[in-house]
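Hello,

Here is the structure we talked about handing over. My notes on helix packing and on the chain contact follow below it.

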2 protein chains.
Amino acid sequence: MPKLWSDTIEEHRREVGDAILDTTAALVAKHGLRSVTMSRIAEETGIGRATLYKYYPDVEGILVAWHERHVAAHLERLASLRSGGGAPGERLRAVLESFGVICHERQRTELAALLHRGEHVSRGEQQLRELLQGLLVECVEAGDVRDDVAPGELATYCLHALTAAGSLPNRSAVRRLVEVTLDGMRASR
Amino acid sequence: MPKLWSDTIEEHRREVGDAILDTTAALVAKHGLRSVTMSRIAEETGIGRATLYKYYPDVEGILVAWHERHVAAHLERLASLRSGGGAPGERLRAVLESFGVICHERQRTELAALLHRGEHVSRGEQQLRELLQGLLVECVEAGDVRDDVAPGELATYCLHALTAAGSLPNRSAVRRLVEVTLDGMRASR
């Protein structure tokens with residue numbers, strides 16, 4: 001069955017949009033933020049400059065969009081771990097490990113500094129906090145997590161504790177960090 | 001016994017230096033970063049502009065010096081708690097509580113953003129990490145803290161977990177955060 005014409009256009013737009021984001025990210029990673037221009041991006045993506053400007057006003061706009069897509073993909077992954085199978089405590093460990101690895105791999109570059117100022121980051125953080133808080137409520141009900149501290153406060157604790165992963169040397173250290181962080185939230189002995 | 005002339009000069013310089021820092025911090029807190037000028041600072045401190053410039057090249061230089069003094073005072077306080085009386089576990093709690101309160105009270109202003117970029121901050125963080133790591137070694141030896149994770153990694157965990165205090169609404173929440181953070185490090189059951 002042939003697609004509707006509007007669907008095809010929509011799909012084409014999304015493909016071009018994705019190609020612009022991927023190309024820009026690759027160019028910035030290779031040549032640095034300052035040396036990447038709109039002309040270069042258009043050329044490497046294989047589209048005209050005029051077309052590129054129909055999608056984005058400038059390089060920073062492209063990078064913000066690229067980062068938004070990146071954050072959204074992370075959130076989707078965490079959300080699927082959160083609502084996946086298994087006991088609440090197991091899902092909590094899976095979510096924390098996955099977030100720990102994200103923090104560990106997050107690059108401390110000028111690009112990261114630029115992007116993490118953005119409003120979409122605080123929106124993403126808010127979504128992450130809500131996801132975690134909901135899961136912690138389940139864990140408290142299941143008796144896996146302490147009930148003497150509100151789940152919202154525990155979520156704040158978790159998210160900050162796991163940013164330590166950015167200073168750790170390897171994945172084993174990240175796993176130990178997750179265990180220590182989980183131990184802080186265990187139901188009282 | 002009369003002071004040596006050089007001591008008196010040294011003391012006078014320190015007093016003027018302190019007065020400049022206090023005055024500038026008060027002016028910035030009251031009027032905002034952008035409206036504070038070297039002339040204004042000289043006037044409020046009660047010294048000539050030429051004298052002020054002998055101490056500092058510009059407002060930012062004064063603010064960095066002010067913040068260095070601030071960080072040094074915090075570190076001194078934490079160091080005295082670290083080496084004060086009591087069992088290692090008690091001193092650990094005291095240090096973490098004090099640091100938690102510092103994080104809680106730290107202001108999220110443009111001034112803070114400006115100052116926390118400075119090199120003296122990473123030096124301060126490094127000193128804090130070393131202080132904490134040393135104390136954690138004592139705690140492990142005393143059997144208060146788990147020995148399956150290296151004290152350096154636990155120090156990283158603590159410092160990040162406690163920055164959560166900046167997002168908490170009050171001191172009670174900060175105390176709960178300290179307990180949760182400590183529970184993560186307890187010797188295994």
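**Helix 5 against helix 9 in chain A**

In helix 5 of chain A, the residues A:Leu92, A:Arg93, A:Leu96, A:Glu97, A:Gly100, A:Val101, A:His104 and A:Glu105 touch A:Arg171, A:Val174, A:Arg175, A:Val178, A:Glu179, A:Leu182 and A:Met185 of helix 9 of chain A. By type, the residues of this contact between helix 5 and helix 9 of chain A are 7 nonpolar, 2 polar and 6 charged. Please keep in mind that this is a predicted model.

Helix 5 of chain A covers residues 88-105 and helix 9 of chain A covers residues 171-185. Their axes lie 9 Å apart, and the packing angle is about 135 degrees. Angles over 145 degrees count as roughly antiparallel and 65 to 115 as roughly perpendicular, so helix 5 of chain A is oblique to helix 9 of chain A. The crossing of helix 5 of chain A past helix 9 of chain A is right-handed.

**Helix 1 against helix 2**

In chain A, helix 1 (residues 5-31) and helix 2 (residues 38-45) have axes that come within 9 Å and cross at roughly 120 degrees. Helix 1 of chain A is therefore oblique to helix 2 of chain A. Helix 1 of chain A passes helix 2 of chain A with a right-handed crossing. On the helix 1 side of chain A, the contact uses A:Ala19, A:Ile20, A:Thr23, A:Thr24, A:Leu27 and A:His31. Helix 2 of chain A supplies A:Arg40, A:Ile41, A:Glu44 and A:Thr45. The residues of this contact in chain A split into 4 nonpolar, 4 polar and 2 charged.

For chain B, the axes of helix 1 (residues 5-31) and helix 2 (residues 38-45) come within 9 Å, crossing at roughly 120 degrees. Helix 1 of chain B is therefore oblique to helix 2 of chain B, and the crossing is right-handed. The contact in chain B is made by B:Ala19, B:Ile20, B:Thr23, B:Thr24, B:Leu27 and B:His31 from helix 1, with B:Arg40, B:Ile41, B:Glu44 and B:Thr45 from helix 2. These residues of chain B comprise 4 nonpolar, 4 polar and 2 charged.

**Between the chains**

How many residues of chain B are in contact with chain A? There are 24 residues of chain B in contact with 24 residues of chain A. About 2,000 Å² is buried between chain B and chain A, and carbon and sulfur atoms give 62% of that area. The count of salt bridges between chain B and chain A is 4. A salt bridge joins B:Glu153 to A:Arg176, with the closest N and O atoms 2.7 Å apart.

Regards

Conventions:
Residues are numbered from 1 along each chain as its sequence is written. Chains are lettered from A and ligands numbered from 1 in the order in which they are written. This is a predicted model: local features need pLDDT of at least 70, side-chain atom pairs count only at pLDDT 80 or more; totals for chains, interfaces and linings use all residues. Side-chain values use heavy atoms; hydrogens and water are left out. Axes are lines fitted to C-alpha atoms, for helices over the stretch in contact, and angles run from 0 to 180 degrees between N-to-C directions. Helices (H or I, at least four residues) and strands (E, at least two) are DSSP runs, numbered from the N terminus. Angles under 35 degrees count as roughly parallel, over 145 as roughly antiparallel, 65 to 115 as roughly perpendicular and the rest as oblique. A crossing is left-handed if the near helix is turned anticlockwise from the far one by less than a right angle, and right-handed if clockwise. Contact means heavy atoms within 4.5 Å. Ala, Val, Leu, Ile, Met, Phe, Trp, Tyr, Cys and Pro count as nonpolar, Asp, Glu, Lys and Arg as charged, and the others, Gly among them, as polar. Buried area is the accessible area (1.4 Å probe) that two parts lose on being put together, summed over both. A salt bridge is a side-chain nitrogen of Lys or Arg within 4 Å of a carboxyl oxygen of Asp or Glu.
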